[in-house]
Amino acid sequence: MTTYYIFTIFYMLNGYQMESHILVNSAEKCYELVRAAEEISNVLPADIMCKDTGTLSASIKPRLRPE
C-alpha cells in the first residue's frame with residue numbers, strides 16, 4: 001500500500017532555524033526530493049528527511065472476479 005510522506009528540510013539561515021515541508025504521495029517521490037536536495041545540504045548546514053504519515057495515498061479498489 002502507498003502512504004503519504006512528508007519531505008522535511010531543516011537549515012540555519014542568518015542564525016535562525018528554518019524548516020520546510022512538502023507532502024508527497026509515495027516514498028519514491030520523497031527520496032527523489034532527498035537526492036535533489038543533497039546539493040543544498042552541502043552548501044547550508046541542513047538536515048533532510050522523509051517521514052511516513054501512515055495515511056493511505058491511494059484507495060484500494062476491489063476487482064471483479066472472472067466468471
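This is a predicted model: local features need pLDDT of at least 70, side-chain atom pairs count only at pLDDT 80 or more; totals for chains, interfaces and linings use all residues.
The structure contains 1 disulfide. The bond is formed between Cys 30 and Cys 50, with an S to S distance of 2.0 Å. Cys 30 belongs to helix H1, which spans residues 27-43, and Cys 50 belongs to strand S3, so the pair ties together parts that lie 20 residues apart in sequence. The torsion about the S-S bond is about -110°, and the disulfide is therefore left-handed. Cys 30 has a relative accessible area of 0% and is buried. Cys 50, at 17% relative accessibility, also counts as buried, because the cut-off for this class is under 20%.

Strand S3 covers residues 46-56 and includes Ile 48. The relative accessibility of Ile 48 is 23%, and this residue counts as partly exposed. Apart from neighbours within four places in sequence, Ile 48 is in contact with Phe 7, Thr 8, Ile 9, Val 34, Ala 37, Glu 38 and Ser 41. For one of these residues, Val 34, the C-alpha to C-alpha distance to Ile 48 is 6.5 Å, with a separation of 14 residues in sequence.

Thr 8, which is among the contacts of Ile 48, is located in strand S1. Its relative accessibility is 3%, and Thr 8 accordingly counts as buried. When residues up to four places away in sequence are not counted, Thr 8 touches Ser 20, His 21, Asp 47, Ile 48 and Met 49. With His 21, the side chain of Thr 8 also makes a polar contact of 3.2 Å.

Strand S1 runs over residues 3-13 and also holds Leu 13. Together with Tyr 16 and Met 18, Leu 13 forms a nonpolar patch on the surface. The accessible area of Leu 13, Tyr 16 and Met 18 together is about 310 Å².

Technical notes:
Residues are numbered from 1 along each chain as its sequence is written. Side-chain values use heavy atoms; hydrogens and water are left out. Patches are made of residues with over 30% relative accessible area and no salt bridge: like charges are joined within 9 Å, nonpolar side chains (Val, Leu, Ile, Met, Phe, Trp, Tyr) within 5 Å. Accessible areas come from the Shrake-Rupley method with a 1.4 Å probe; for residues, only the protein chains shown count as cover. A salt bridge is a side-chain nitrogen of Lys or Arg within 4 Å of a carboxyl oxygen of Asp or Glu. Helices (H or I, at least four residues) and strands (E, at least two) are DSSP runs, numbered from the N terminus. Buried means under 20% relative accessible area, exposed over 50%, partly exposed in between (1.4 Å probe, protein chains only). A polar contact is a pair of N or O atoms within 3.5 Å; within protein, one must be able to donate a hydrogen and the other to accept it, and residues adjacent in sequence count only if both atoms are side-chain atoms. Contact means heavy atoms within 4.5 Å. A disulfide is a pair of cysteine sulfur atoms within 2.5 Å.
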